There are 2 protein chains.
Amino acid sequence: MNLIKIKRALISVSDKTGIEAIAGQLHECGCEIISTGGTKSKLTEAGLQVVDIQQITGNPEAFGGRMKTISFQVESALLFDREKDAEEAESLHVQPIDLVICNLYPFAEKAKLQAQLAELIENIDIGGPTMIRSAAKNYKWVTIITDPEDYGQLSKELAEHNGCVSEEFRYSMMRKAFNHTADYDAMIATTMDEYAGEKSIRLSYNQGKELRYGENSHQKAVLYRDQHTIDSLADLEYLHGKQLSYNNILDIEAALLTVRALPHSAAAIIKHLNPCGFACGKDQKEAIINAWFGDPISAFGSIIAFNRELQLETAEFLQLNNPDKSQRKFIEVIAAPAFAAGVIDYLSFHENLRIVRLDPDRLQRDHDLRFVQGSLLWQSSDNKLFDAIKQVSGENKTLADDLELIEFGLHTVRSLKSNAIAIVQRTKGGVLRLTGMGTGQPNRLIATQLALDKTLVNLGNEANAESISECVLVSDAYFPFADNLELAAEYGIRNVIQPGGSIRDKKVIKKAKELRINMIFTGLRHFRH
Amino acid sequence: MNLIKIKRALISVSDKTGIEAIAGQLHECGCEIISTGGTKSKLTEAGLQVVDIQQITGNPEAFGGRMKTISFQVESALLFDREKDAEEAESLHVQPIDLVICNLYPFAEKAKLQAQLAELIENIDIGGPTMIRSAAKNYKWVTIITDPEDYGQLSKELAEHNGCVSEEFRYSMMRKAFNHTADYDAMIATTMDEYAGEKSIRLSYNQGKELRYGENSHQKAVLYRDQHTIDSLADLEYLHGKQLSYNNILDIEAALLTVRALPHSAAAIIKHLNPCGFACGKDQKEAIINAWFGDPISAFGSIIAFNRELQLETAEFLQLNNPDKSQRKFIEVIAAPAFAAGVIDYLSFHENLRIVRLDPDRLQRDHDLRFVQGSLLWQSSDNKLFDAIKQVSGENKTLADDLELIEFGLHTVRSLKSNAIAIVQRTKGGVLRLTGMGTGQPNRLIATQLALDKTLVNLGNEANAESISECVLVSDAYFPFADNLELAAEYGIRNVIQPGGSIRDKKVIKKAKELRINMIFTGLRHFRH
């Protein structure tokens with residue numbers, strides 16, 4: 001424990017939330033309180049007896065407030081070794097300070113407001129970080145609090161230990177203090193770079209958890225959480241099953257992004273970061289049935305995500321406790337924002353199934369980061385589905401009128417790795433579903449072929465001219481030649497969505513007309529690599 | 001310019017490289033030099049007159065060196081506003097200090113040596129950052145130098161401006177100073193986290209360059225450089241052509257990683273992050289011819305990388321100035337570590353072709369970072385090809401004896417997106433090449449089918465039983481069932497490499513024996529997503 005009695009505290013805060021209460025408690029513990037400027041006024045108003053910092057420094061406050069605390073006396077009081085240096089301190093009339101409560105001038109807020117450089121410079125705190133770093137360095141004897149959120153814990157320590165503070169608490173607050181000053185100078189550094197026209201970026205992650213292994217078992221892996229984000233994939237709650245692997249995390253992200261921001265109940269089945277099954281409708285059970293339809297072979301060993309509370313009747317579709325084991329649908333991970341009564345129990349029947357909770361709609365998605373060797377690619381996220389819906393071929397306006405289906409098709413193809421082709425359909429029951437996809441191909445024609453073949457197999461007995469003519473083939477990028485249309489027409493496809501923008505668009509449109517294909521241009525490409 | 005005369009300098013450095021020379025120059029400019037401890041001894045030995053810092057602070061050096069510089073006098077001398085506060089400074093007997101040369105206790109080096117916590121704590125510099133940050137805040141009048149690398153520039157400034165320093169220089173050094181203190185506290189924070197058993201990581205990137213756009217034209221994108229890496233993809237030299245796009249950067253990385261760390265001259269042709277053509281041999285022209293062979297359709301619009309100086313006769317294979325335009329091979333980017341005489345001229349014939357220089361063998365690859373929503377995945381890189389080569393089926397030992405071909409096959413499949421199948425071959429001319437690949441499939445059987453179909457088309461007239469029997473089919477992960485082998489055997493494949501490790505390995509081996517397939521297990525999976 002190594003308890004240290006708090007006899008003297010130095011309080012100097014920019015954010016004054018909750019400061020009276022904690023200062024009051026310190027006072028009651030018999031602690032002497034030293035303070036500065038605004039903080040001192042606030043504490044005095046609250047009826048506390050406060051020593052002015054200038055009585056300790058022996059110097060006046062000077063230079064418009066730039067010099068308040070920095071002094072031989074204050075930093076010595078924080079920094080000296082209570083054992084080795086005790087005599088020296090006495091001879092130099094340095095009295096120990098045991099606690100610093102300090103937070104810094106609001107540089108970040110000013111930077112966000114794009115303040116003038118001179119104003120920003122004025123908001124760079126010098127005395128604060130010096131006190132914080134001095135106290136943190138000497139954490140063996142000194143407690144440093146930089147966040148009003150920690151007053152509660154300090155209060156508990158004081159109450160439990162009769163006005164003392166434990167070493168565990170001091171160490172933990174020391175770590176927080178250095179993280180705070182690191183963040184503070186990171187913000188100053190990137191802002192000063194920005195004002196000089198240089199783009200720089202600093203990222204910080206913590207709470208690292210070792211994963212079972214990396215992409216392969218001979219690779220190690222760790223999942224970290226962004227220190228400054230509110231909603232993170234790292235927040236997913238493990239409810240059941242083995243530890244997650246690196247690939248599980250990647251697949252869970254792909255699954256959650258696929259079911260994110262949709263108007264209806266959706267289910268996505270992911271294999272190697274691609275939805276191989278995906279459906280969306282008013283009824284969740286219909287959604288999983290129709291998602292499974294997309295690739296019933298690849299669905300084995302997949303990751304499934306839902307965007308609504310998972311219902312028992314939906315989960316039962318997996319038949320995990322069917323006495324006929326061949327009927328059980330083996331999957332790796334299930335993710336959902338919530339689980340209805342009985343669902344976890346039911347799913348837990350499968351020992352290895354990992355169950356995780358995270359709401360896809362809470363995931364921020366305004367930018368993506370991608371690391372390439374020794375560098376970082378930042379990009380704004382692909383959050384727009386189309387520029388404008390423009391029918392460039394065909395008399396039939398059914399597709400152009402079904403905006404929901406168009407959006408579902410574009411959302412699906414955007415979730416696939418390029419080159420990507422998605423074939424989607426609105427079933428007679430009103431469910432939107434993926435009937436077949438082709439992904440990750442260097443040659444678009446092969447992606448088209450894969451999606452068509454899969455659709456044909458999936459529709460099976462239904463695969464007549466009528467059912468295929470209801471399908472919509474969606475391409476993530478333009479068709480450079482008409483060959484894709486010719487291939488699609490051979491299978492009976494009558495509806496095509498693509499961005500357009502090829503220098504050969506005229507020829508492609510001409511061919512669509514010849515083939516009596518309804519073709520829509522969206523004006524937006526959706527590569528994903 | 002806003003020149004400021006350096007009349008008084010404070011020098012206190014942990015790294016004493018080159019300090020005498022720059023101090024000597026300052027002295028010659030008539031500048032008074034203040035210094036501390038070891039730095040002072042060194043400068044005095046060099047024959048310079050130096051004022052001891054304690055004469056300025058008015059305090060003794062105290063507490064085993066923890067208190068040296070921090071004082072009202074020193075920080076006031078750095079911080080006061082030379083205009084507004086001039087009178088106040090005079091009344092407080094504060095004389096300005098115009099330059100600080102300071103670098104910090106070597107915390108990072110100690111941390112790398114995994115020093116004891118107490119020793120690390122002792123190496124947290126408090127006075128240094130306070131001086132650096134004070135001087136940096138007051139950059140309008142004060143110059144702050146934190147890196148011996150900048151002595152040259154300071155020296156130039158002093159020489160050019162008659163002992164003065166320009167505001168541009170002061171601002172630029174101020175940015176460097178805050179980046180330095182941010183890095184310093186970042187290192188302390190992550191180290192203190194580590195000692196408490198918490199994994200945290202802080203990353204910093206600068207030199208951000210806006211790219212044409214992101215993965216798609218409606219997305220913005222920036223490429224940053226890792227501040228702390230020696231070799232970065234961001235260092236690639238643009239020699240010719242349009243600005244690079246986000247996708248170009250991703251493809252260039254994939255291309256360079258594909259040709260990295262190979263014993264012979266290699267050429268890789270990349271489309272959507274996958275090598276669709278790849279070959280390796282003693283002759284570079286043979287390499288490009290055989291790489292092109294892998295997918296002559298997809299190679300159009302691709303990215304090509306070489307691992308050796310690009311020779312003119314290799315480049316001429318592209319026929320960029322062939323009067324018959326249909327013979328010209330249009331590609332997007334060429335990357336190589338160097339270009340022989342005449343090559344750039346030749347390639348520049350194609351106006352839009354981007355030519356970039358970077359040596360793939362200089363790229364570090366010990367870990368990969370991957371960003372997922374609000375979190376970060378760290379993993380050690382997949383730098384091992386196999387655990388052990390074990391022939392589990394077949395009498396013919398030709399393949400097992402050709403370690404070079406095995407390694408080429410594994411290196412190729414490791415460069416493809418999962419599920420991946422690569423079919424490779426050693427040509428009669430001794431070149432190792434990719435004859436066909438299947439990539440990015442949720443279902444391994446489809447990847448196998450794609451690779452086989454491509455191989456059959458590529459071998460064309462050569463596609464007889466003999467030529468196909470020389471090919472080797474490599475799988476990035478084990479075959480869960482024997483169906484892949486049956487399919488391969490139908491095409492005449494006689495050699496297979498896979499990691500093994502399925503619960504059905506016995507059945508798969510039995511099938512390989514039945515089909516008279518030579519099969520090798522490697523013990524290592526190579527997923528890449």
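In chain A of this predicted model, strand 11 (residues 265-271) and strand 12 (residues 274-281) pair in the antiparallel sense over seven bridges. Strands, like helices, are DSSP runs numbered from the N terminus, with at least two residues (E) for a strand and at least four (H or I) for a helix; two strands count as paired if DSSP finds at least two bridges between them. Ser265(A) has Gly281(A) in strand 12 of chain A as its bridge partner. Strands of a sheet pair through backbone hydrogen bonds, either parallel or antiparallel.

Both strands belong to an open sheet of 12 strands in chain A, in the order 10-15-14-13-11-12-20-19-21-22-23-18, with mixed pairing. Strand 10 (237-240) and strand 18 (390-393) of chain A stand at the edges with a single partner strand each, so one side of each has no neighbour in the sheet. From one strand to the next, the twist averages 20 degrees. Helix 20 (residues 505-514) of chain A lies across strand 18, strand 22 (495-498) and strand 23 (518-521) of chain A, and runs at about 70 degrees to strand 18 of chain A. Axes are lines fitted to C-alpha atoms, for helices over the stretch in contact, and angles run from 0 to 180 degrees between N-to-C directions.

In chain B, eight of the 10 residues of helix 12 (residues 284-293) are buried, so this helix is largely enclosed by the rest of the structure. A residue is buried if 20 or more other C-beta atoms, placed from the backbone, lie within 10 Å of its own. Among the buried residues of helix 12 of chain B are Ile288(B), Trp292(B) and Phe293(B). The buried residues of this helix pack against elements of chain B including strand 11 (265-271), strand 12 (274-281) and helix 17 (444-459).

Chain A can be laid on chain B with an RMSD of 0.1 Å by a turn of 180 degrees and a shift of 0.0 Å along the axis. The two copies are thus related as by a two-fold rotation axis. The superposition is by least squares on the C-alpha atoms of residues with pLDDT of at least 70 in both copies. In total, 116 residues of chain A are in contact (C-beta atoms, placed from the backbone, within 7 Å) with 116 residues of chain B.

Residues are numbered from 1 along each chain as its sequence is written, and chains are lettered from A and ligands numbered from 1 in the order in which they are written. Local features need pLDDT of at least 70 and side-chain atom pairs count only at pLDDT 80 or more, while totals for chains, interfaces and linings use all residues.

Key
A residue is buried if 20 or more other C-beta atoms lie within 10 Å of its own, exposed if 12 or fewer, and partly exposed in between; C-beta atoms are placed from the backbone. Two residues are in contact if their C-beta atoms, placed from the backbone, lie within 7 Å.
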